Amino acid sequence: MQELLQYLFSGIANGAIYAVIALGFSMLYLATELINFAQGEFVMLGALSFVTFWTGFQLPLGLAFFLAVLVVAAFGVLFERLAIRPVRKPQPITLIIITVGASILLRGIGMLTWGKDSYSVPPFSHNEPLVIGGAALLPQSLWIVGIVLVLMVALQLFHKRTLTGKAMQACAIHRQAAWLLGIPSDLMALLAFVLSAVLGAVAGVIIAPITMCGYDMGTMLGLRGFCAAMLGGLGSTWGAVVGGFLLGILEALGVGYISSGIKDAIAFLLLLLILYARPSGILGTQAVHRF
Amino acid sequence: MKRSHVRTLIFLALVLGWGAFARNPYHLQLLAVIGVHTLLALGLNLLMGFAGQISLGHAAFYGIGAYASGVLTVHLGWSPWVAGPAALALAAAVALVVGLPTLRLTGYYLGMGTLGFGMIVYVLFREWSGLTGGASGLVGIPPLCLGPIELSSGRNGFWLIWLVVLANFLLCERLIDSRMGRALRAIHDSERAAAAVGVDTARLKVMVFVLSAVMAALAGFLYAHMMSFISPSSFDFMVSIRVVTMVVIGGMASVWGALFGAALLTMLPEWLHVFADYEMMVYGLILMVVMIFLPQGLTRGVMDLYERWQRSLDRSRPSAQS
């Protein structure tokens, strides 16, 4: 029982991070029907810039957090403007290779800027684990889950209550119709890109204290986040959240009860299962044939 | 004589010439690796270029060919000539089992299904250390021998690999011009229209998937016995992506494109060594720039540019006379 609780705690913290990354994928897919293989690299850039701002420049936590997110958002803008916008005939294969190229490029930039070493940062607050039912809960996990929940609520409010959010949803439903109604759909695509980069960066910042941060940390995180997005249903906000937590918890259980070696395989086994059984995901409603 | 025969002969002469005159063992090895990559790209090109089905997990079949043959020869002491066909059969069986459900998906979903499969196979290679040697790899794979002649390294290895490549080249060219090839291209243009005129699309897609998997496994088999050492990192996600890139950069739906893409992407890291730490950045940048500006691939893209230039010359000539 105590073991199970322990696995659940670590699963939920990881799951929250997958959920944020998955949300980035989903959001971008909704607005642009694009899958960004460089999403994991945004996580890496977020984590490493945070390391620099917080422990390198000794800035206050909040400011370092904000600046790290800002840096990644700038990368997002550049990426959309320079690499995605100029593509004349956007086909899945072309876009996949462009974003994979971008992820290699960003990894190269990360390696040049931060070198090949790994960094670790202290947790946001004190490091004494809370003991609940015999299982230890790191305060950082609480930070992670809290920040993710705030983020979810904010996104939901943005989509439902603001004009920009509604305009973005209109673009997701039918881009040309939205454009005819005077919604600047190009700008919305850019905004979606920036938001997904921001989500990646936030995931990077909050994961920084519980992992080793290096230039190559992003790829697997990105792919896992992607599996989470597919699991819940690509394009569904709550699906991303459900998929993220589900993946995190199942991974923790698999590592705990079977072996740590299969951790990397669990996400992809789930991905295959969901693709064969229900390609639209647990909460997805859209037809699979979107293109 | 048909034009394609002339091209094949020229290509054959070039390869033979290079093989006969290359003295440097490093060059021979590089050429052999290009051959292995060409084989991979040819197989994937059948699937992606002609049938229009993306696979982001092709390194899995490459790895299955290499590991199956490696494990059978190292642990069970089989002759490579028996282990090879067994490895190909295994790859075909796996491709059949995986292909049946996966190829029902389309677009990104198909990409993701194959990606997931590739990752699972990679994790298997890495974690099944009793059999595969785990992350540190499988060592001591015997070379291919024909009697006393060793066929795996040096010039002989080069001849063997390019002979196989040539055979597959001809196979692909014949296949594309056949009834099956036409049906595949019909699927590429519109799966529904193809089905409407009586093409059994589901069966054909699985067939071409299996064929391309067997070609990848053949490449893996040759690679394993040439290198005598394999490790999981030679078959990871990035390798799958690199094969896709070879096909796309070379130009899809062209067997020559596969050769060109494989040669270019094998040589590129060698040339990029001069950039040292910038190597990764430059590589990523090249991929992006080519795809943004020449989404048809380099061969087609450069040809288009050339034709446009010709046309603009034609247009400017009359005005100069008047």
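**A loop residue, an interface and a helix pair**

A:Gln58 sits in the loop that joins helix H2 (39–56) to helix H3 (61–84) of chain A; helices (H or I, at least four residues) and strands (E, at least two) are DSSP runs, numbered from the N terminus. This is a predicted model, in which local features need pLDDT of at least 70 and side-chain atom pairs count only at pLDDT 80 or more, while totals for chains, interfaces and linings use all residues. Residues are numbered from 1 along each chain as its sequence is written, and chains are lettered from A and ligands numbered from 1 in the order in which they are written.

Most residues other than glycine have a negative phi. The phi of A:Gln58, however, is positive, near 60°. A:Gln58 has 8 other C-beta atoms within 10 Å and is therefore exposed; the term applies at 12 or fewer such atoms, buried at 20 or more, and partly exposed in between, with C-beta atoms placed from the backbone. In chain B, Ser228 also is not a glycine, and B:Ser228 has a positive phi of about 60°. The loop that holds B:Ser228 runs between helix H10 (201–227) and strand E4 (229–230) of chain B. B:Ser228 is partly exposed, because 16 other C-beta atoms lie within 10 Å.

The pLDDT, the predictor's confidence in each residue from 0 to 100, averages 85 in chain A, where 97% of the residues score at least 70. Over residues 287–291 of chain A pLDDT stays under 50.

Where the chains meet, 36 residues of chain A are in contact with 31 residues of chain B; contact requires C-beta atoms, placed from the backbone, to lie within 7 Å. On the side of chain A that touches chain B, helix H4 (92–114) and helix H11 (263–277) of chain A each supply at least two residues. H4(A) gives the largest share, 16 residues. By class, this side has 28 nonpolar, five polar and three charged residues. Ala, Val, Leu, Ile, Met, Phe, Trp, Tyr, Cys and Pro count as nonpolar, Asp, Glu, Lys and Arg as charged, and the others, Gly among them, as polar.

Within chain B, the axes of helix H3 (residues 58–75) and helix H4 (residues 80–102) come within 8 Å and cross at roughly 140°. Axes are lines fitted to C-alpha atoms, for helices over the stretch in contact, and angles run from 0 to 180 degrees between N-to-C directions. H3(B) and H4(B) are therefore oblique to each other, since angles under 35 degrees count as roughly parallel, over 145 as roughly antiparallel, 65 to 115 as roughly perpendicular and the rest as oblique. The contact of H3(B) with H4(B) has 13 nonpolar, four polar and no charged residues.

Terms used:
Two residues are in contact if their C-beta atoms, placed from the backbone, lie within 7 Å.
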